[in-house]
Amino acid sequence: MKKVQQHYDEVADIYDDRYDGHRGKYYHGHISDHVMRELPKGGFLLDLGCGTGLFVQRYVAEGGRAVGLDISPGMVRHGRQRCPESGFCVGTADVLPFKDATFDALASLLAFSYVPDPEGMLRECYRVLKPGGRIAVCTLSRTVLTSLVPVIYQVGEKVGLKKVGVGDFDEHYYTNVEIAGLFKEAGFESVSVSRCSFAHLNLADPVFNIARKVEPFVEDKLPYLAYNVCAAGKKPED
């Protein structure tokens, strides 16, 4: 995790450039849509791996309150600048600095694959959620298309490419069955899993535009080609 922290500290000042263009805005917005629909509106949210606070900003804009946690001090600094009305802290998801049953909702976008102890993270998520609270995670999915990504990122690291997410971080790509099993083992009920994001922001414009047009069909009929997997669940009521 030290390597992940160092990388995101290095790219913190350029991180938002990734989502400023039309591809980035669509991509992050699409992922956020999938996560938002699984969470209660107007609740108190914890965003794990919050980055510069993009999802915190959206959740608050839709009537909720939110706290963000990230391993990178640089990212947390930008989150505080983006959302000064929300709380942000530096930390890791396996030991959360919050009391039991604190939050109504818990989200994690594009960070779960970096977590070395997903079982430990989900136990902590379960602990800090209120009974009846909901969790939604969007992370990297294991597909034919994503199987080559780690190799590409390793090459990018070796040639010194300074780009968000590019590096050999030993991230894990999840199947639907695998991530659903982790959620159920942690105690969550009503677990659901779906795939999203065939139109990835790293695609060149002509290809991206085509992928965006066929994305609804892929997610519905060919989900095994989608880049990300979204899992959601609920902490049982008392």
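**Figure 1. Contact of helices α2 and α3.** His28, Gly29, Ser32, Asp33, Val35 and Met36 of α2 are in contact with Leu54, Phe55, Arg58 and Tyr59 of α3, where contact means heavy atoms within 4.5 Å. These contact residues comprise five nonpolar, three polar and two charged. Ala, Val, Leu, Ile, Met, Phe, Trp, Tyr, Cys and Pro count as nonpolar, Asp, Glu, Lys and Arg as charged, and the others, Gly among them, as polar. The model is predicted: local features need pLDDT of at least 70, side-chain atom pairs count only at pLDDT 80 or more, and totals for chains, interfaces and linings use all residues. Residues are numbered from 1 along each chain as its sequence is written, and side-chain values use heavy atoms, with hydrogens and water left out. Helices (H or I, at least four residues) and strands (E, at least two) are DSSP runs, numbered from the N terminus.

**Figure 2. Geometry of the crossing of α2 and α3.** The axes of α2 (residues 22–36) and α3 (residues 54–61) come within 11 Å and cross at roughly 55°. Axes are lines fitted to C-alpha atoms, for helices over the stretch in contact, and angles run from 0 to 180 degrees between N-to-C directions. The two helices α2 and α3 are therefore oblique to each other. Angles under 35 degrees count as roughly parallel, over 145 as roughly antiparallel, 65 to 115 as roughly perpendicular and the rest as oblique. The crossing of α2 and α3 is right-handed. A crossing is right-handed if the near helix is turned clockwise from the far one by less than a right angle, and left-handed if anticlockwise.

**Figure 3. Helix α2 beside helix α8.** Helix α8 covers residues 205–221, and its axis lies 11 Å from that of α2, at an angle of about 15°. Helices α2 and α8 are therefore roughly parallel to each other, and their crossing is left-handed. From α2, His22, Arg23, Tyr26, His30 and His34 meet Asp205, Phe208, Asn209, Arg212, Glu215 and Glu219 from α8. The residues of this contact divide into two nonpolar, four polar and five charged.

**Figure 4. The buried residues of helix α5.** In α5 (residues 118–128), the buried residues are Pro118, Gly120, Met121, Leu122, Glu124, Cys125 and Val128. Buried means under 20% relative accessible area, exposed over 50%, and partly exposed in between (1.4 Å probe, protein chains only). An α-helix has 3.6 residues a turn, so residues three or four places apart point the same way. The buried residues of α5 pack against β1 (44–48), β4 (103–109), β5 (129–140) and α7 (176–185).

Figure 5. Serine 86 is placed in the loop between α4 (73–82) and β3 (87–90). Serine 86 counts as buried because its relative accessibility is 11%. Apart from neighbours within four places in sequence, serine 86 is in contact with Val56, Val60 and Ala66. Glutamine 81 belongs to helix α4 and is exposed, with a relative accessible area of 55%. The C-alpha atoms of glutamine 81 and glycine 53 are separated by 8.9 Å, although the two residues are 28 residues apart along the chain.

**Figure 6. The segment after strand β7.** Proline 236 is found after β7 (228–234) and is partly exposed, at 24% relative accessibility. Its C-alpha atom is separated by 5.4 Å from that of glycine 132, 104 residues apart along the chain. Leaving aside neighbours within four places in sequence, proline 236 is in contact with Tyr126, Pro131, Gly132, Gly187 and Glu189. Aspartate 238 also lies in the segment after β7 and counts as exposed, at 88% relative accessibility. Aspartate 238 and proline 131 are 107 residues apart in sequence, yet 6.0 Å apart in space, C-alpha to C-alpha.

**Figure 7. Two residues with positive phi.** Leucine 110, in the loop between β4 and α5, has a phi near 65°, a positive value in a residue other than glycine. Leucine 110 is partly exposed, with a relative accessible area of 25%. Serine 190 lies in strand β6 (residues 189–196) and has a positive phi of about 50°, although it is not a glycine.
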